[in-house]
Amino acid sequence: MATIRMTMAQALVKFLDNQYVEFDGKQEKFVEGIFTIFGHGNVVGLGQALEEGDHSIKVHQGRNEQGMAHVAMGYAKQKMRKRIYACTSSVGPGAANMVTAAATATANRIPVLFLPGDVFATRQPDPVLQQMEQFHDLTISTNDAFRAVSKYWDRVSRPEQLMTAMINAMRVLTDPADTGAVTIALPQDVQGEAYDYPDYFFQKRVHRIERRPATAEMIKDAVEIISKKKTPMLICGGGVKYSEAAEVFKAFAEKFNIPFAETQAGKSAIVWDHELNLGGVGETGSLAANTIAKKADLIIGVGTRYTDFTTSSKWMYQHPDVDFLNINVASFDAYKLDAVKVVADAKVALEAIATELEKIGYKSEFTTEIADAREAYIKEIDRVYAVEYTGKGFVPEIADSIDREAVFNEFQEITGSCLTQSKVLGTLNEMLNNDDIIVGAAGSLPGDLQRAWRPKGVNTYHMEYGYSCMGYEVSATLGVKLAEPEKEVYTFVGDGSYMMLHSELPTSIQEKKKINVILLDNMTFGCINNLQMEHGMGSYGTEFRFRNEATGQLDGGFVPVDFAMNAASYGCKTYTVKTIEELKAALIDSKKQTVSTLIDIKVLPKTMVHKYDAFWRVGNAEVAKSEKILKETARIKEALKIARQY
Ligand SMILES: Cc1ncc(C[n+]2csc(CCOP(=O)(O)OP(=O)(O)O)c2C)c(N)n1
C-alpha cells in the first residue's frame with residue numbers, strides 16, 4: 001500500500017481538493033474554497049497546510065466568523081447546494097461565533113463545512129488560551145455547542161481519524177435529504193501531527209447527488225388522492241430549486257390546471273407573471289395565494305418544510321375536506337401534516353405522477369378562480385406600491401388601527417423623509433433588472449417581499465427564512481456574488497439587521513466583488529414593533545430611542561445613524577435617500593460603480609405591506625392589565641379553533 005506522510009491538516013486540504021459531485025451526469029468540483037480567521041487554534045496547523053500550496057482551494061479572509069459563514073451559506077444556497085465553502089476558525093470565541101451560522105445552515109438545509117480549531121487532544125498545556133474548562137467533563141470544549149446545530153459532528157483526536165470523519169462529512173453534505181451544517185473539530189495539536197495516509201484516501205471522489213425515485217405504491221397513492229380532488233393547490237418549496245425541477249413543476253401545474261403558491265425558499269423558481277403563480281403563501285402570503293389556499297381541497301407540497309409561515313400556524317388550509325400530499329426527498333418533511341407521502345426527488349416524482357394522471361385525463365375543476373385571484377392580487381400590489389404619505393389622516397398600511405402620526409412627524413423632522421416602505425419596494429421592483437438578485441433574511445422585508453415582490457428572473461430571489469437570522473443579509477450577498485459574479489446582487493436589509501452584522505461588507509471591498517446594500521432605515525426593530533402592537537402591547541423596547549433621564553426608560557428621541565458614512569468608511573460608494581427621485585438617481589448611479597455600494601433609505605416605520613387574511617400563532621399573555629392584550633389573546637384562542645392540530 002502506497003502511503004503519503006503528511007500532517008492531518010495537509011491531508012484534510014488534499015482530501016477537500018479532490019471532492020466532486022455529479023448531478024444529472026454533470027460533474028463539478030465540490031469545495032470551492034475556505035473562509036478563515038486565523039488564530040492560535042488553526043493558523044500553524046490548517047493555515048500552514050493552506051500556505052504550503054499544491055491545491056486549488058481558494059482562501060478568503062473573513063472579518064467575523066459568523067459573517068464569513070453566512071458568505072459560505074449564501075454561496076451554497078445560490079449554487080443550489082452543488083458547491084460549497086468551508087469555514088475555519090480558532091478555538092473558543094472564533095468557533096463559538098460560527099455556531100449561529102451553523103444553525104442557520106441546518107435550518108435551511110444548506111451544506112456548509114465548519115472546521116473549528118479545538119483544544120489540545122493531549123491536554124498537556126491545558127488550559128490553553130480560550131479553553132473553557134468544564135469542571136465536570138474535560139472532554140467538552142466550545143465545539144460541543146455545534147453538536148446541537150450540526151447534521152454531522154466529529155472531532156479528529158488522532159490524525160488517522162480524519163479519514164472516517166471526512167468520508168462521513170461528504171456523505172452528509174452531498175445528501176439532499178440530510179444536508180446542513182457539518183462540523184469537524186480539529187484539535188490544534190493534531191492538525192500538525194504526521195501520519196502515513198494511504199494514497200487512496202486522496203483519490204478523486206465523485207459523490208453522486210441521486211434523484212431518489214418514488215416507488216410505484218407512492219405514485220399510486222398520489223394519483224389516487226389527486227384524482228379525488230377538485231381544487232388542488234401546489235406549493236413550490238425550496239426543494240423545487242435544489243432538485244432543479246422548476247420546468248417539470250411548471251409543466252405539471254399547466255397540464256392539470258393546478259395553481260401554485262410559493263414558500264420563501266421556493267420563490268423565483270418560476271417567474272412571477274406565470275398565469276398559475278399565486279405568489280407567496282401563509283402568514284406572509286399574497287392576496288391571491290391566501291384566497292385560493294382557503295378553498296383548496298388538496299395541498300400538494302413539493303420540497304417544503306411547512307414552517308409556521310407557510311401554514312399560517314396550521315390555520316391557512318381551511319377547506320373542510322382538505323388533504324395534504326407531500327413530495328419530499330426527506331421523509332421527515334414528507335411525514336408532516338399527516339400527508340400522503342411521496343418520499344422522492346421532486347422532479348422524478350412529479351414526472352411519474354404526471355404520466356399516471358394524464359392516463360386518467362385528470363384536470364382540476366378551477367374555472368375563472370385562478371385568474372380572478374391573480375387579477376385582484378396584481379391590482380393590490382400596484383396599490384401598495386403606490387402608497388404615499390399624505391400627512392394628517394394618513395392610514396398606515398400596517399395595523400390600520402394604530403395611530404402613529406406623532407411618531408411619523410418626529411421621524412420626518414429628524415430624517416427629512418416621509419417615504420413609505422411599500423413605495424420604495426415598488427420602485428426597486430420596477431428599476432432592478434430582470435436578472436438582478438435580491439437577498440434577505442429578517443425583519444419586515446422578507447414578509448413584504450414575499451407578499452409583493454415580483455421576481456422577473458429565475459432564482460433571483462434569495463431569502464434565508466428558515467432561521468431568519470439577522471445579520472445574514474449583507475454577508476450572504478457576498479456569497480451570492482461569488483456564486484454568480486456576472487450578476488448585480490442586492491441586499492435588502494433593515495437598519496437593525498445591518499447594525500447586528502455586516503462584517504463581510506469590507507471583505508467585498510477587499511475581494512473586489514461588488515455588492516449593493518439597500519438599507520431601509522426606520523430607526524426601529526420594525527416588524528417586532530408591529531408584532532407587539534398588533535397584539536395589544538404598546539411600543540416597548542423596539543424603537544431605537546435614547547434613554548430618557550426623566551422617565552429612566554428608552555423613550556427619549558430617536559437615535560439617528562448615518563449609514564452612508566459608515567459604509568463609505570470601508571470604501572463603498574454610498575447614497576442617502578429621502579425621496580423617490582433620489583432613490584432612482586442612486587440606483588442608476590450605483591449600477592455604474594465597480595465598488596460595493598450602499599443606499600441608506602430613510603423610510604417611515606409602519607409603512608410595510610399588510611397581511612392578507614392570515615394568522616400567526618404567538619403566545620399572548622392570558623393575564624394582563626391591558627384590555628387590548630386580553631382581547632388579542634381571546635382572538636388567538638378563537639383562531640386556534642380552526643387551526644389543525646398534530
Ligand atoms: C439574530 C437575531 N436576533 C433577533 C431576531 C428577532 N428579530 C427578528 S426581526 C427583528 C427586527 C429587525 O429589525 P430591522 O432589521 O430594523 O428590520 P425592520 O423590521 O425594521 O424592517 C428582530 C429583533 C432575529 N430574527 N435574529
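How many salt bridges does the structure hold? The structure holds 40 of them, where a salt bridge is a side-chain nitrogen of Lys or Arg within 4 Å of a carboxyl oxygen of Asp or Glu.

## Ground rules

This is a predicted model, so local features need pLDDT of at least 70 and side-chain atom pairs pLDDT 80 or more, while totals for chains, interfaces and linings use all residues. Residues are numbered from 1 along each chain as its sequence is written, and side-chain values use heavy atoms, with hydrogens and water left out.

## Some of the salt bridges

Take Lys423 and Glu388, whose side chains meet in a salt bridge at 3.4 Å, N to O. Lys423 sits in helix H16 (residues 421–431) and Glu388 in the loop between helices H14 (369–385) and H15 (405–415), so this pair ties together parts that are 35 residues apart in sequence. Helices (H or I, at least four residues) and strands (E, at least two) are DSSP runs, numbered from the N terminus. Lys423 is buried, at 19% relative accessible area; buried means under 20%, exposed over 50%, and partly exposed in between (1.4 Å probe, protein chains only).

Helix H24 (residues 627–640) has a pair three residues apart, about one turn of the helix: Arg635 and Glu632. Their closest N and O atoms are 2.6 Å apart. Arg635 is partly exposed at 37%, whereas Glu632 is buried at 15%. Elsewhere, Lys26, Glu28, Glu32, Lys58 and Arg83 are linked in a salt-bridge network.

## Strand S20

S20 covers residues 489–494, and six of its six residues are buried. Val489, Thr491 and Val493 point one way, with Tyr490, Phe492 and Gly494 pointing the other.

Strands count as paired if DSSP finds at least two bridges between them. S20 runs parallel to S18 (residues 437–440), joined by three bridges, and Val439 stands opposite Thr491. S20 also pairs with S21 (residues 516–521) in the parallel sense, over five bridges; here Val493 stands opposite Leu519.

## Around the ligand

The ligand is surrounded by 15 residues, the closest being Ser444, Ser468, Ser497, Gly526 and Cys527; a residue counts if one of its heavy atoms lies within 4 Å. Helix H19 (495–500) and helix H21 (526–534) each supply at least two shell residues, and H19 gives the most, with four.

Looking at ligand oxygen atoms, a polar side-chain atom of Asp495 lies 3.0 Å from one. A backbone N or O atom of Ser497 lies 2.8 Å from a ligand oxygen atom, and one of Thr524 lies 3.0 Å from a ligand oxygen atom. Taken alone, the ligand exposes 590 Å², and the protein buries 77% of that (Shrake-Rupley method, 1.4 Å probe).

Methods. A polar contact is a pair of N or O atoms within 3.5 Å; within protein, one must be able to donate a hydrogen and the other to accept it, and residues adjacent in sequence count only if both atoms are side-chain atoms.
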